[in-house]
Amino acid sequence: MQLFVFICAAVMILIGAVGVIVRSHPVHAALSLILTLFGVAVLFVAQDAHFLAAVQVIVYAGAIVVLFLFVIMLLGVDKAESLRIDPVKVQRPLAAIVGIGLAGLLAAAIVQGRDTLARRGTGIDTADGGVHDSNIRQLANDLFSNHVFAFEITSVLLVIAVVGTVLLARRPRHSGASHTEAGTDTKASVK
Amino acid sequence: MFAVDTLLEKLGLAAVLIVLMKVVVVFVVGLVVTMFMVWFERKVISGMQNRIGPNKAGPFGLLQTLADGIKLFFKEDLLPDRADRFVFRLAPFLAFVPAFLVWSIIPLGGDFTNGKDGVVKLFGHSTFVQLADPPIGVLLLLALSSIAVYGIMLAGWSSGSKYPLLGSVRASAQMVSYEAALGLSIAAVLLVAGTLSTHGIVGVQSSLGKWHVIATGVVPFIIFLMAATAELNRPPFDLVEAEQELVGGFNTEYSSLRFALFFLAEFMNTVTMSGVIVTLFFGGPQPLRFDIGAVHFNGDLHLGFLNGTVWFIAKVLVFLYVYVWFRATLPRLRYDQLMNLGWKVLIPASLGWFMLLAAQRVAADNEWNKWAVSFVSIAVLLLCGGLLTAAIRVSAKNREREGAMF
């Protein structure tokens, strides 16, 4: 049963991952990404990490990819792009080299770590423990007691990122004559 | 591994058959309820507007929805020229499937009286009157409502036409923003209930005083009701299909069965969301039970195993009526009002209330003075609220001075 679930999820993930790269249409690529995320969520459920699966779907599929789609739709890049034109000439050979290198590294890591991979992790058996909410309890304990400092720092980092984005998105107030013109224009159109 | 049903822990043919039967029953009940919901809405609205409403098909027009469905079934299925074929076909299912899946986690009945667990005996096997009780419980609702966003978003985009696109961009922005308030008010319930599972949440609310609407102090319920209405894209938050501005919204280009799927999903969502409200705040199938002074009422209607289901249906009907009532009485919000309400009122309010409840919990655990803690936390919240309104006012003033940005 576990093997069957794993194979189904793996097929989902692979189809999605290949789709993200191969589909020339950005929206289709984003949809393929959702398929991959769902496959990962299925794997989480298969490992009794129900809460992680839910968070995976809510945060990644529900918020982040929605944002991707938003940007794609609003910026109007939702047209299939021709793959013939290559704006930066070195990019493709470089990508090929990096890809092969990454594949080689992965293969080497798997060959090296065969024995470790074959063993079952120690935490997995206790992840659920048959109790409904043990998942979320363990996670909360870890996040809010053991690693509370790192957690808070991360949230501060996010706030800084938001403030930075707002600052970048705002136009400077005194950027010359063109600004005031644009400002009055938009004002007029708003009215 | 799949701890969704107590039955499935020891798999047997009978267990699988019972689960299959439950799936079929829940699916059919969902469809039939949705059909009558459409009729109910039209009938109640026409009552409020001094009209008669559907009255031709069947007794009291009960079969009107069926007739509409048959009509839609025989209509031509149009595929616009500029549509993205695959996504256009996929979108209705992305809207429809989540609507049904949420239905599966709602406890629909069962005997919760006298500390019983809501377990019913079915052919010698004990099971819950609910399709699934997954460990993530209510989070499934949030996950599925975030999937439902895709249905609407992709439907509008793939139509290759501008009004549907505008409608869907509005819709997805609205649903994503209100999901935060929805999640935070659910978090308040989870904090009090101490469990994620819907079955467990119902189990905790054993008497009127323990119903979460009272135990969490009404505010999360009000926020949830508003956020849920926005999440459903129902009036007064139905900017998605503002007919006067957008023709018909995201589903303008859809016809025939695909349109029927959107329509079904919308009403199904209304029914399931009422069910979720009842489950989270009003004790689900728990009977109304209170002891105020000399008045005792234990909510037993002497209906045996149907007792819970009858209570559940009664409570859900109240909320269905409330939704129709909203639609008949409230004017639609403007887009900026909608966003202001979501981001500047509901999210801060639900977050603040959540903090208040958390402070109460900590005080109870550490045996601090309850009143002092309440006083201090309310003072802090008021201070934060004051700062927030001040900040909003300053930014509004700045924006006015600089001129509109976009």
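This report describes cavities, domains, backbone features and salt bridges in a predicted model.

Local features need pLDDT of at least 70 and side-chain atom pairs count only at pLDDT 80 or more, while totals for chains, interfaces and linings use all residues. Residues are numbered from 1 along each chain as its sequence is written, chains are lettered from A and ligands numbered from 1 in the order in which they are written, and side-chain values use heavy atoms, with hydrogens and water left out.

**Cavities**

Four cavities of 30 Å³ or more turn up in a search of the whole structure. A cavity is a set of points, on a 1 Å grid over the protein atoms alone, where a 1.4 Å probe fits but cannot get out; lining residues have an atom within 4 Å of a point. Points are joined across faces, edges and corners, and a volume is the space filled by probe spheres set on them. The largest cavity has a volume of about 290 Å³. Of its 23 lining residues, the closest to the centre are B:Ala148, B:Met175, B:Glu231, B:Ala265 and B:Asn269. α10(B) gives the most to this lining, with seven residues. Helices here are DSSP runs (H or I, at least four residues), numbered from the N terminus.

**Domains**

Chain B is divided into domain 1 (6–333) and domain 2 (347–399), with bounds from an automatic or database domain assignment. Their C-alpha centres lie 32 Å apart. The contact (heavy atoms within 4.5 Å) takes 14 residues from domain 1 of chain B and nine residues from domain 2 of chain B. Between them the two domains bury about 950 Å², 80% of it on carbon and sulfur atoms. Buried area is the accessible area (1.4 Å probe) that two parts lose on being put together, summed over both.

**Backbone**

The peptide bond from B:Pro235 to B:Pro236 is cis, with omega near 0°. B:Pro236 is found in the loop between α8 (219–231) and α9 (243–246) of chain B. B:Val218, in the loop between α7 (212–215) and α8 of chain B, has a positive phi near 55° although it is not glycine.

**Salt bridges**

A salt bridge is a side-chain nitrogen of Lys or Arg within 4 Å of a carboxyl oxygen of Asp or Glu. B:Arg327 forms a salt bridge with B:Glu41, with the closest N and O atoms 2.6 Å apart. B:Arg327 lies in helix α11 (residues 307–329) and B:Glu41 in helix α1 (residues 13–48) of chain B, so the pair ties together parts 286 residues apart in sequence.

Terms used. On a 1 Å grid over the protein atoms alone, a cavity is a set of points where a 1.4 Å probe fits but cannot get out, and a pocket is an open set with protein on both sides within 12 Å along at least five of seven lines; lining residues have an atom within 4 Å of a point. Helices (H or I, at least four residues) and strands (E, at least two) are DSSP runs, numbered from the N terminus.
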